[in-house]
Amino acid sequence: MSQKRPYDHRDDVSVEESPLKRRALFKQDAPKDTEARVVCAMDFGTAFTGYAFAFTNDPDDIDVCTPGGQDAGKTNTSLLLDPGGNFLAFGSEARKDYYMHEGTGGMLFEKFKMRLHDTHNGAEPYAQALNGQRQPLLKVITLSLKYVKEEAMVKINRGQVDPVSALEIKWMVTVPAIWRDAAKGMMRKAAFDAGMISDQN
């Protein structure tokens, strides 16, 4: 559900981390020959995820949104994959679907963002589902970002006569400033694979 209210700077900050410890990991600007029509900021947290967007011609009208089937507040940062590793659901819907089938409906990943701290040793980090199965961490993060990005695109274009393309959106994602370069690099790679930015570097 989307709700409109006056901008509050606290909306840009996850409740998990101090604003003094967060900075923008990347800002995907529209190409020079394309003017950004929308700014979309994503708070991809360890436990919860949310996003907000505004059209550049009306920057004070901000839509604060919750992805993945929850009506109020941020949704759970939870990803559900089928036994073959294909996307099924994200957010509260992912948790509901998983427990509805008593844990037999696939692989549910939660709090996987914490695994980014394991990227410093050079080995490829994995995320472990509640049933013990594992998937590459990069894949889990990429599929999560891709879902939120695609849902945001649908909401942004709702009621638009002239559809907004991904290249006309300035995407912003914040991360803790204390993260190691390897962790920041993996987040950037995931955003690139999710189609949020055009430059991996």
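Where in the chain does Thr66 lie? In this predicted model, Thr66 is part of the loop between β5 and β6, and with a relative accessibility of 8% it counts as buried. Its C-alpha atom is separated by 9.9 Å from that of Ser92, a residue 26 positions away along the chain.

## Overall composition

The protein chain contains three helices and twelve strands, and 45% of its 201 residues count as buried. Its accessible surface comes to about 10500 Å², of which carbon and sulfur atoms contribute 51%.

Contacts across the sequence can be described by separation: among those in the protein chain with a separation of 6 or more, 61% are between residues 24 or more positions apart.

## Strand β3 and its partners

Strand β3 (38-44) is mostly covered, since five of its seven residues are buried. It pairs with strand β4 (residues 48-55) in the antiparallel sense over seven bridges, and the two strands form a hairpin with three residues between them. Within this pairing, Phe44 stands opposite Thr49 in β4.

Strand β3 is also joined to β12 by five bridges, and here the two strands run parallel. In that pairing Val38 is found opposite Ile169 of β12.

Three strands form an open sheet in the order β8-β7-β9, with antiparallel pairing. The edge strands are β8 and β9, each of which pairs on one side only, and the twist from one strand to the next averages 20°. Helix α2 lies across β7, β8 and β9, and runs at about 65° to β8.

Strand β7 (residues 78-81) and strand β8 (residues 87-90) are antiparallel and are joined by three bridges. Leu79 has Phe90 as its bridge partner in β8, while Leu81 stands opposite Phe87 in the β8 strand. The hairpin of β7 and β8 has five residues between the strands, and in it Gly85 takes a positive phi near 90°.

## Salt bridges

Side chains of opposite charge can pair when their charged atoms come close. A search of the whole structure finds seven salt bridges, one of which is formed by the side chains of Asp162 and Arg37, at 3.6 Å from N to O. Because Asp162 lies in the loop between α2 (137-156) and β12 (169-176) and Arg37 in the loop between β2 (22-28) and β3 (38-44), this pair ties together parts that are 125 residues apart in sequence. A network of salt bridges links Arg37, Asp162 and Glu168.

The side chains of Asp43 and Lys74 meet in another salt bridge, at 2.7 Å from N to O. This pair links distant parts of the chain, with Asp43 in strand β3 and Lys74 in the loop between β5 (63-65) and β6 (75-76), 31 residues apart.

## Helix α3

Helix α3 (residues 181-193) has 13 residues, which at 1.5 Å a residue should span 18 Å, and its end C-alpha atoms are 18 Å apart, in agreement with that expectation. Its buried residues include Ala183, Lys184, Met186 and Met187, and Arg188, Ala190 and Ala191 are buried in this helix as well. Just after α3, Gly195 takes a positive phi of about 80°.

How values were computed: Residues are numbered from 1 along each chain as its sequence is written. This is a predicted model: local features need pLDDT of at least 70, side-chain atom pairs count only at pLDDT 80 or more; totals for chains, interfaces and linings use all residues. Side-chain values use heavy atoms; hydrogens and water are left out. A salt bridge is a side-chain nitrogen of Lys or Arg within 4 Å of a carboxyl oxygen of Asp or Glu. Helices (H or I, at least four residues) and strands (E, at least two) are DSSP runs, numbered from the N terminus. Two strands pair if DSSP finds at least two bridges between them. Axes are lines fitted to C-alpha atoms, for helices over the stretch in contact, and angles run from 0 to 180 degrees between N-to-C directions. Contact means heavy atoms within 4.5 Å. The expected span of a helix is 1.5 Å times one less than its number of residues. Buried means under 20% relative accessible area, exposed over 50%, partly exposed in between (1.4 Å probe, protein chains only). Accessible areas come from the Shrake-Rupley method with a 1.4 Å probe; for residues, only the protein chains shown count as cover.
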